[in-house]
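Please look through the sequence and the model below before reading the notes on pockets, strands and helix packing.

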Amino acid sequence: MTMKRDGHSHSHFCMHASDVEVEAYIARAIELGFEMYTVSEHLPYPDEFLNSLAYPQDILDSLKIRDDDYDSYIREMQRLKNKYKDRIQLLIGAEVDYIDEYLPYTRYLLKEYGPYFDDSLLSVHFIRGRRGWRAVDQDPDDFEDGLLRYYASYEKVQLAYYRTVKEALKADLGIYKPKRISHLSLCNKFQCRFNPDRRVGDEVKAAVMNILEYIRKKGYSLDVNAAGLFKEYCQEIYPAPWIIQAARGMGIPMVYGSDAHDAKHVGRGYEVYELLVEK
Ligand SMILES: [Zn+2]
Ligand SMILES: [Zn+2]
């Protein structure tokens, strides 16, 4: 029996999460019998990056940390880690975005905050598209406008996404570089609309296998992220089950992640993870 663990979650310090205090998430994790729980708040994006995005102000604001104050997040987590130490092993961490233009900034933040992290994740949410950087997970219309039109096919968007993930894996982010890769197939978030039969082309398959091989070689691990199961247009765990199966065959370590942005989402989809990874 492996330890019951949720390795990816957020808090009220993130502006696109609910206002529910992070302590309520932790209470929920304890209630559900989790023994280990990571709060992996988004490491702040550079202002210059946010200002460059072709998104309306409300979306830009939602990508920020409350009051631009990451130190408060760390301090609150240290307090809670100590308060709950007899009931759950809390890990303080971050979800770190890879954006090639801002590597020096990311390296700097990791150097600054890395010493406080017990656990963290490496993510790709943004890839190049029409009018600059575009999120792959914003909404279906945005995906169509910013990425499908730019790359001309769903398969080409997938390939661009996996190319960026491979770059992220190879990037020099210093000694605090995260070793677990978040939601590897996040580029499928809107598959029900743009790829309803979930076709996986040979090139995409090869790109993913190449990534898995690299992960195995480097001793990295995968976040098995339940959020996709509950997204209207995804209806699937990240990474997709065929990727999980391949990763299992290669002995790549996998950690369940709820990616909770609200206390009520802690632990959800854990049974799907168990079925795919543990049984
Ligand atoms: Zn988030
Ligand atoms: Zn994420």
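The second largest pocket is lined by 16 residues, and Y154, N188, N195, R199 and V200 are those nearest its centre. This is a predicted model, in which local features need pLDDT of at least 70 and side-chain atom pairs count only at pLDDT 80 or more, while totals for chains, interfaces and linings use all residues. Residues are numbered from 1 along each chain as its sequence is written, and side-chain values use heavy atoms, with hydrogens and water left out.

**Pockets**

- A pocket here is an open set of points on a 1 Å grid over the protein atoms alone, where a 1.4 Å probe fits, with protein on both sides within 12 Å along at least five of seven lines; lining residues have an atom within 4 Å of a point.
- The second largest pocket holds about 210 Å³ of space, a volume being the space filled by probe spheres set on the grid points.
- Helices α7 (154-170) and α10 each supply at least two residues of the lining of the second largest pocket, and α7 gives the largest share, with four residues.
- The lining of the second largest pocket has seven nonpolar, five polar and four charged residues, where Ala, Val, Leu, Ile, Met, Phe, Trp, Tyr, Cys and Pro count as nonpolar, Asp, Glu, Lys and Arg as charged, and the others, Gly among them, as polar.
- The largest pocket holds about 550 Å³ of space, and of the 27 residues that line it, H16, D137, K189, K231 and H261 lie nearest its centre.
- In the largest pocket the lining divides into nine nonpolar, eleven polar and seven charged residues.

**Sheet**

- Seven strands (DSSP runs of E, at least two residues) form an open sheet with parallel pairing, in the order β1-β2-β3-β4-β7-β8-β9.
- Because β1 (5-6) and β9 (254-257) stand at the edges with a single partner strand each, one side of each is left without a neighbour in the sheet.
- Strands β1 and β2 (residues 36-42) run parallel and are joined by two bridges, and R5 has M36 in β2 as its bridge partner; two strands pair if DSSP finds at least two bridges between them.

**Helix packing**

- Helices α10 (residues 241-249) and α11 (residues 270-278), each a DSSP run of H or I with at least four residues, pack at an angle of about 40 degrees with their axes 9 Å apart.
- That angle makes α10 oblique to α11, since angles under 35 degrees count as roughly parallel, over 145 as roughly antiparallel, 65 to 115 as roughly perpendicular and the rest as oblique.
- P241, I244 and R248 in α10 meet L275, L276, V277 and E278 in α11, contact meaning heavy atoms within 4.5 Å.
- The residues of this contact between α10 and α11 divide into five nonpolar, no polar and two charged.

Conventions: Chains lettered and ligands numbered in written order. Axes fitted to C-alpha atoms, helices over the stretch in contact; angles between N-to-C directions.
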